[in-house]
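Notebook open. I want to look up the contacts of the ligand first, then turn to a pocket.

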Amino acid sequence: MIKSQNPRTHSSDTAEVIVLGAGPAGLVLGNLLLASGVDCLVVERADREQVQTRARAGFLAANTVRILDRHGLADGLHRHGREHAVCEFRTEDGRFRLDYGALGLGERHTVYPQQELVRDLLTRYLDAGGRISFGTEAVAVVGAETLRPTVTVHDTDGRPARWQARYVAGCDGRHGAARRSLPTCAVRRHHRDHGVSWLGLLAEAPPSLDAVGYAVHGRGFAGHMARTPEVTRYYLQCERGEAADAWSEQRIWDELALRMRSSEYGELHRGPIVQRTVVDLESDVLEPLRYGSLLLAGDAASLLSPSAAKGANLAVLEAELLAEALVDDLRRGDGTALDHYSARCLAHIWRAQAFSHWMIRLLHGPSGSDPDSLFHNSLRRSRVESLRVSRSQQDWFAEQYVGV
Ligand code: APR
């Protein structure tokens, strides 16, 4: 049992705030709470190595960089991240590029692999004396409607334990203990399956374009996103339910070449596929994001498809809002920001969902030749054409694409 040192918390409390999950949301929150002298404990079921090497997102919005800068958490991304501001669309009607850094609010992304960001956040948290329990599975949050919720866990040796706090922050993702512990009557869940699946790939090959590549093809969507000078993320639209390992490397590269129209626009740099997962494009939003002393952030709060590269950026934004609100309450006895936390996050979440939904309809069209498919494909081609020729559409796109 880990004893808390802070006089404000109840003597048997484990911490003032227990943070479930050591992803971008949980670690930004942990760092900010620690910096404000709030006694917190991060509970993470994976071990440190897994947390620091899990390759996922990597496109940081300008606002995310501002937040990390504000709290002195951006050294790594300034040293190793690379600015990014160009999209290239390849469709049956040709190819065009958008320098979105010169459009909209003139903001750019920073390409910095998520596992590097997580490593930075974890190192900073531990160097600052932060507490984290790796290899500890949170099972449930009990008594969230009270002032002293309990987190039941299986500790590193698999033994059950009960840890108490004034607040619990659920940053443990969509399938975590926090979401599971919410009474269904207390929340509304907005779930939408967009009926599209992507084979997500990481290739040990240099990027083939100096841009995010979006290719729309009768055989399905293909995407190209740089991660580092040696590693590139690709996406290939695939059949629902298809297994990731059903694709041979040869078939992957041949299909990417076909859909990216390499014969017209240049060969792709090939290399070993080092990671592959099938992602069903879904939206999953919970409302409200607070149930008494339990508050959600990151994927635990909302999930959106990777089509808009918003997940990690929302997670960081929500973590900062939650940290500020918890510090206000715990240090100044002012619960106003906590009362508004859910509504403030949901405004950003629905904006991101709306853009993600628009991107899905921009990048995917039914492949049939039936009247309905032809109708929707004509709509899709017209959306792409508007983006190609309309400055106001391009400004809107840039603002939504980089904004959170
Ligand atoms: N107990 C303890 N830890 C848990 C549990 C549990 N029951 N369930 C999940 N976790 C841990 C996971 O191991 C993971 O480290 O919670 C963490 C959740 O981290 P992320 O999935 O990275 O979620 P979040 O911080 O919300 O960031 C979400 O980052 O990866 C991008 O695009 C992705 O949108 C996503 C964003």
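I started with Ala25: one of its backbone N or O atoms lies 3.0 Å from an oxygen atom of the ligand. The model is predicted, and I read every distance with that in mind.

Next I checked Gln114. An N or O atom in its side chain is 2.8 Å from an oxygen atom of the ligand. At Ala138 I found a polar backbone atom 2.9 Å from a nitrogen atom of the ligand.

How much of the ligand's accessible area does the protein cover? I get 92% of the 710 Å² that the ligand has on its own. I then asked which elements give two or more residues to the shell: helix H1 (24-35), strand E9 (137-142) and helix H9 (311-332). H9 gives the most, with 3 residues.

I listed 24 residues around the ligand; Glu44, Arg54, Arg56, Gln114 and Asp299 come nearest. By class I note 10 nonpolar, 7 polar and 7 charged residues in this shell.

Then I moved to the second largest pocket. I logged its space as about 780 Å³. Its lining has 39 residues, and I find Gln237, His364, Gly365, Pro366 and Ser367 nearest its centre.

Which elements each supply at least two residues of this lining? I noted strands E13 (188-203) and E16 (232-238), with helices H7 (249-259), H10 (336-363) and H11 (371-389). H11 gives the most to the lining, with 9 residues.

Last entry: I sorted the lining of the second largest pocket by class and got 10 nonpolar, 15 polar and 14 charged residues.

Technical notes. Residues are numbered from 1 along each chain as its sequence is written. This is a predicted model: local features need pLDDT of at least 70, side-chain atom pairs count only at pLDDT 80 or more; totals for chains, interfaces and linings use all residues. Side-chain values use heavy atoms; hydrogens and water are left out. On a 1 Å grid over the protein atoms alone, a cavity is a set of points where a 1.4 Å probe fits but cannot get out, and a pocket is an open set with protein on both sides within 12 Å along at least five of seven lines; lining residues have an atom within 4 Å of a point. Grid points are joined across faces, edges and corners, and a volume is the space filled by probe spheres set on the points. Helices (H or I, at least four residues) and strands (E, at least two) are DSSP runs, numbered from the N terminus. Ala, Val, Leu, Ile, Met, Phe, Trp, Tyr, Cys and Pro count as nonpolar, Asp, Glu, Lys and Arg as charged, and the others, Gly among them, as polar. A residue is near a molecule or strand if one of its heavy atoms lies within 4 Å of it. A polar contact is a pair of N or O atoms within 3.5 Å; within protein, one must be able to donate a hydrogen and the other to accept it, and residues adjacent in sequence count only if both atoms are side-chain atoms. Accessible areas come from the Shrake-Rupley method with a 1.4 Å probe; for residues, only the protein chains shown count as cover.
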